[in-house]
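Open the model in your viewer and keep the selection panel at hand. We will go stop by stop.

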Amino acid sequence: APLDMRYDTIDNGLGWSMIKEIGAQARAGAIANGVRAFVSVRQRSADRWTYTIGRLSLFIDYFDVPAILEALNEADDATEDRWGGGDTIGGSPRVGGSKLPPSEVSRIVSDVVAKTRSGQ
């Protein structure tokens, strides 16, 4: 069976992309197209979102997933249901999702990436 690697690019940052997954293998499609770090977004309801944040390897050091998750927890006022994950992949709170719209997540990720690239 052919893979469904369709996705839409919502935004592009410096070395990363925000995508909306359409097909079941959308991330594989993005990687095949050269995306090495990404934020995937899916709308849950009118005011809630699900995000996955990832990078292909630790060698993509400008896309610091733990630092991004920390910044998003702060912005989302997350307490018990928090953004979390590991060094290469993480995501929004599993139970309630995030109240942050894609434009705000994109801004926060871009800020963290800029700070990481400048060595701050």
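At what angle do the axes of helix α2 and helix α3 cross? Select residues 65–75 for α2 and residues 102–118 for α3. This is a predicted model. The two axes cross at roughly 135° and come within 10 Å. Angles over 145 degrees would count as roughly antiparallel, and 65 to 115 as roughly perpendicular. The helices are therefore oblique to each other. The crossing of α2 past α3 is right-handed.

Now show side chains where the helices meet. On α2, pick Ala-67, Ile-68, Ala-71, Leu-72 and Ala-75. On α3, pick Val-105, Ile-108, Val-109 and Val-112. By class, this contact has nine nonpolar residues, with no polar and no charged ones.

Next, the largest nonpolar core. It has 22 residues. Select Trp-16, Val-39, Ile-53, Phe-63, Leu-72, Val-105 and Val-109, the members that touch the most others. Colour β2 (16–21), β3 (37–45), β4 (48–55), α2 and α3: each gives two or more residues to this core. Which element gives the largest share? That is α3, with five residues.

Zoom in on Ile-53. Beyond its neighbours within four places in sequence, Ile-53 contacts residues including Phe-38, Val-39, Phe-63, Val-65, Ile-68, Leu-69 and Leu-72. Trp-83, Thr-88, Ile-89 and Gly-90 are also among its contacts.

Last stop: a second, separate core of six residues. Select Tyr-7, Ala-26, Ala-30 and Val-35, which are among its members.

Methods
Residues are numbered from 1 along each chain as its sequence is written. This is a predicted model: local features need pLDDT of at least 70, side-chain atom pairs count only at pLDDT 80 or more; totals for chains, interfaces and linings use all residues. Side-chain values use heavy atoms; hydrogens and water are left out. Axes are lines fitted to C-alpha atoms, for helices over the stretch in contact, and angles run from 0 to 180 degrees between N-to-C directions. Helices (H or I, at least four residues) and strands (E, at least two) are DSSP runs, numbered from the N terminus. Angles under 35 degrees count as roughly parallel, over 145 as roughly antiparallel, 65 to 115 as roughly perpendicular and the rest as oblique. A crossing is left-handed if the near helix is turned anticlockwise from the far one by less than a right angle, and right-handed if clockwise. Contact means heavy atoms within 4.5 Å. Ala, Val, Leu, Ile, Met, Phe, Trp, Tyr, Cys and Pro count as nonpolar, Asp, Glu, Lys and Arg as charged, and the others, Gly among them, as polar. A nonpolar core is a set of buried Ala, Val, Leu, Ile, Met, Phe, Trp, Tyr and Cys residues joined through side-chain atoms within 4.5 Å. Buried means under 20% relative accessible area, exposed over 50%, partly exposed in between (1.4 Å probe, protein chains only).
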